[in-house]
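This report covers the ligand surroundings and the helix packing of one model. The sequence and structure come next.

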Amino acid sequence: MGQFDGKVALVTGAARGIGQAIALKLAADGADLALCDLKAEWLEETAGLVKELGRRVECYSVDVSNAAGVDATVKQIEADFGKAVDVLVNNAGITKDGLLMRMSEEDWDAVLNVNLKGVFLFTKAAMRGMMKQRSGSIVNIASIIGLIGNPGQANYAASKGAVIAFTKTVAKELSSRNIRCNAVAPGFIKTPMTDKLSEEVQQKMLANIPLGRFGAPEDVANVVAFLAGDASGYVTGQVISTCGGMVM
Ligand code: NAP
């Protein structure tokens, strides 16, 4: 018996990195999975691994920043699985780094649209079913950068700080319906997103991590599973930094 037996979990940005690890952890704990990413075919690897765990899995192409697409996707998921989404993990996110002096309006908008508007759209679409069934758990993937800021990441920091504020507001609005909303703030996690950084930047980061190692996607997935499940039934509106002690 897994803690998510009979439950449907929706994970955005599930093709790779942290999203893939979250999908696999929730599946290992018994959830059926609705996987979302920009292109459904990129989800084949994650879907295959979920199937190997013996869980049902469906893949959906959707841009999290497209309101009509998000609405249609959540309706399709509810129809395919014959029930509301029980666990929503808003994980899809992008970076477009640059010092503020040189940051273009396009790069600002792109990051805010995916990282913040995407969280708003998916939460709004999935909460309707959760409200009807009077239960649900939403976990938003923020970042420690949303807590402490970072030179060259004004757009990203603003988006993740806003996700944390959004998380607390959703927690307050939906708690009377038995829907919880929490956030995870990862530090430096080894994924394609961070592989883009130079070796020099990576070594500087490492020097500031008390636990002396970069995080693995599974480190984040374990915290997400805790927040998504009943073990955290009395926890809502919280942010758990998963950063090897970088921020404390
Ligand atoms: P990643 O490896 O780049 O994976 C992100 C996934 O989201 C990719 O599959 C990406 O597709 C997808 N995605 C991007 N834009 C999308 C959109 N508009 N609609 C749907 N899907 C979209 O990133 P990651 O490192 O796993 O990060 C996952 C989350 O953790 C993000 O929210 C990130 O900000 C957060 N985070 C990561 C770290 C870290 O150190 N890695 C630290 C703190 C927070 P593409 O292949 O097209 O990009």
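Of the 29 residues around the ligand, the nearest are Asp37, Asn91, Tyr156, Ile189 and Thr191; a residue counts as near if one of its heavy atoms lies within 4 Å of the molecule. The model is predicted, so local features need pLDDT of at least 70 and side-chain atom pairs count only at pLDDT 80 or more, while totals for chains, interfaces and linings use all residues. Residues are numbered from 1 along each chain as its sequence is written, and side-chain values use heavy atoms, with hydrogens and water left out.

| Residue | Protein atom | Ligand atom | Distance |
|---|---|---|---|
| Asp63 | polar side-chain atom | nitrogen | 2.9 Å |
| Val64 | backbone N or O | nitrogen | 3.1 Å |
| Gly187 | polar backbone atom | oxygen | 3.3 Å |

Helix packing follows. Helices (H or I, at least four residues) are DSSP runs numbered from the N terminus. Their axes are lines fitted to C-alpha atoms over the stretch in contact, with angles from 0 to 180 degrees between N-to-C directions.

Helix H4 (residues 105-133) packs against helix H6 (residues 154-174) at about 15°, the axes being 8 Å apart. H4 and H6 are therefore roughly parallel, a class for angles under 35 degrees. Their crossing is right-handed, meaning that the near helix is turned clockwise from the far one by less than a right angle. The contact of H4 with H6 divides into 16 nonpolar, four polar and two charged residues.

H4 also meets helix H3 (residues 67-81), with axes that come within 9 Å and cross at roughly 30°. That angle makes H3 roughly parallel to H4, and the crossing is right-handed. The H3 side consists of Ala67, Val70, Asp71, Val74 and Glu78, and the H4 side includes Leu121, Phe122 and Arg128. Seven nonpolar, one polar and three charged residues form the contact of H3 with H4.

Helix H1 (residues 17-28) and helix H2 (residues 44-52) have axes that come within 9 Å and cross at roughly 15°. Gln20, Ala23, Leu24 and Ala27 in H1 meet Glu45, Thr46, Leu49 and Val50 in H2.

Note on methods: Helices (H or I, at least four residues) and strands (E, at least two) are DSSP runs, numbered from the N terminus. Angles under 35 degrees count as roughly parallel, over 145 as roughly antiparallel, 65 to 115 as roughly perpendicular and the rest as oblique. Ala, Val, Leu, Ile, Met, Phe, Trp, Tyr, Cys and Pro count as nonpolar, Asp, Glu, Lys and Arg as charged, and the others, Gly among them, as polar. A polar contact is a pair of N or O atoms within 3.5 Å; within protein, one must be able to donate a hydrogen and the other to accept it, and residues adjacent in sequence count only if both atoms are side-chain atoms. Contact means heavy atoms within 4.5 Å.
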